[in-house]
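Let's walk through this fold together, from the overall layout down to a few individual residues. Keep the viewer open as you read.

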Amino acid sequence: MATVEFNQLLVNNAEFLKPFAITLTRDSEAAKDLFQETLFRALANKDKYNVGTNIKAWLYTIMRNIFINNYRRKAKQNTIFDSTPNEFLLNSSQVAVAGTVESNLRVKDIQAAIHKLPEIFRNPFLLYFDGFKYHEIAEMLQEPLGTIKSRIHFARKLLKNQIERF
């Protein structure tokens, strides 16, 4: 494939990457950087693209791999190794809780908000909170998977609105 053809193919399919970049990063500036890095890597590795391969899937894979590598790199930078005999790993982004009384009140408020949810939302949410997967909850409650996902989503939304009031 000629360079001009590849560049045209890349330009025609690049716009689909922007929403995916925003989904991954949840930050518009970081998404722009990820988008540019993806296009740069695609251009630099155009010889690895096989003609007839789904270009969108190829570009999505490049973007996802860049994002994962950057995430892992940042995670390593934020970890401090403690040389004490117990060899603890300390995460530098952790913040100590100032007052346990205040945090206990907050937990009670959250628990009260959860129990105020309508039962149709509360049950799937509590199961999800206890660590069950969506498909397990769907089987337990004998509901479609999409319904369970929707109910958990709405439960989160309702909780968020209630907790903002506190």
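Helices here are DSSP runs of H or I with at least four residues, strands are runs of E with at least two, and both are numbered from the N terminus. Before using them, a bit of housekeeping: this is a predicted model, so local features need pLDDT of at least 70 and side-chain atom pairs count only at pLDDT 80 or more, while totals for chains, interfaces and linings use all residues. Residues are numbered from 1 along each chain as its sequence is written, and side-chain values use heavy atoms, with hydrogens and water left out.

Start with the big picture. The protein chain has 8 helices and 2 strands, and reading from the N terminus the order is α-α-α-α-β-β-α-α-α-α. Take buried as under 20% relative accessible area, exposed as over 50% and partly exposed as in between, with a 1.4 Å probe and protein chains only. Call two residues in contact when they have heavy atoms within 4.5 Å. Then, of the contacts between residues at least 6 apart in sequence, 53% join residues at least 24 apart.

Now for the inside. A nonpolar core is a set of buried Ala, Val, Leu, Ile, Met, Phe, Trp, Tyr and Cys residues joined through side-chain atoms within 4.5 Å. The largest one has 17 residues, and Trp58 and Leu59 touch the most other members. Helix 1 (3-14), helix 2 (17-25), helix 3 (28-44) and helix 4 (55-77) are the elements that each give two or more residues to this core, with helix 4 giving the most, 6 residues. Zoom in on Trp58: leaving out residues up to four places away in sequence, Trp58 touches Phe6, Ala42, Asn45, Lys46 and Tyr49. Apart from this core lies another, of 12 residues, including Phe121, Ala138, Ile152 and Ala155.

What about empty space? Rolling a probe the size of a water molecule over the atoms shows where it is left. The search runs on a 1 Å grid over the protein atoms alone: a pocket is an open set of points where a 1.4 Å probe fits, with protein on both sides within 12 Å along at least five of seven lines, and lining residues have an atom within 4 Å of a point. Grid points are joined across faces, edges and corners, and the volume is the space filled by probe spheres set on the points. The largest pocket holds about 280 Å³. Its lining has 13 residues, with Thr25, Ala30, Phe67, Asn70 and Lys74 nearest the centre. Helix 3 and helix 4 are the elements that give two or more residues to that lining, and helix 4 provides the largest share, 6 residues. Sorted by class, the lining has 6 nonpolar, 3 polar and 4 charged residues; Ala, Val, Leu, Ile, Met, Phe, Trp, Tyr, Cys and Pro count as nonpolar, Asp, Glu, Lys and Arg as charged, and the others, Gly among them, as polar.

Most residues other than glycine have a negative phi. Arg26, in the loop between helix 2 and helix 3, has a positive phi near 60 degrees, and Arg26 is exposed at 75% relative accessible area. Gln142 sits in the loop between helix 7 (134-141) and helix 8 (145-165); its phi is also positive, about 55 degrees, and Gln142 is exposed too, at 71%.

Ile148 belongs to helix 8 and is buried, with 0% relative accessibility. Setting aside neighbours within four places in sequence, Ile148 contacts Pro124, Tyr134, Ile137, Ala138, Leu141 and Glu143. Its C-alpha atom is separated by 8.7 Å from that of Phe121, 27 residues apart along the chain. In helix 3 you'll find Glu37, partly exposed at 27%; the C-alpha atoms of Glu37 and Ile66, 29 residues apart along the chain, are separated by 7.9 Å. Ile120 in helix 6 (residues 119-129) is partly exposed at 43%, and 7.4 Å separates its C-alpha atom from that of Arg151, 31 residues apart along the chain.
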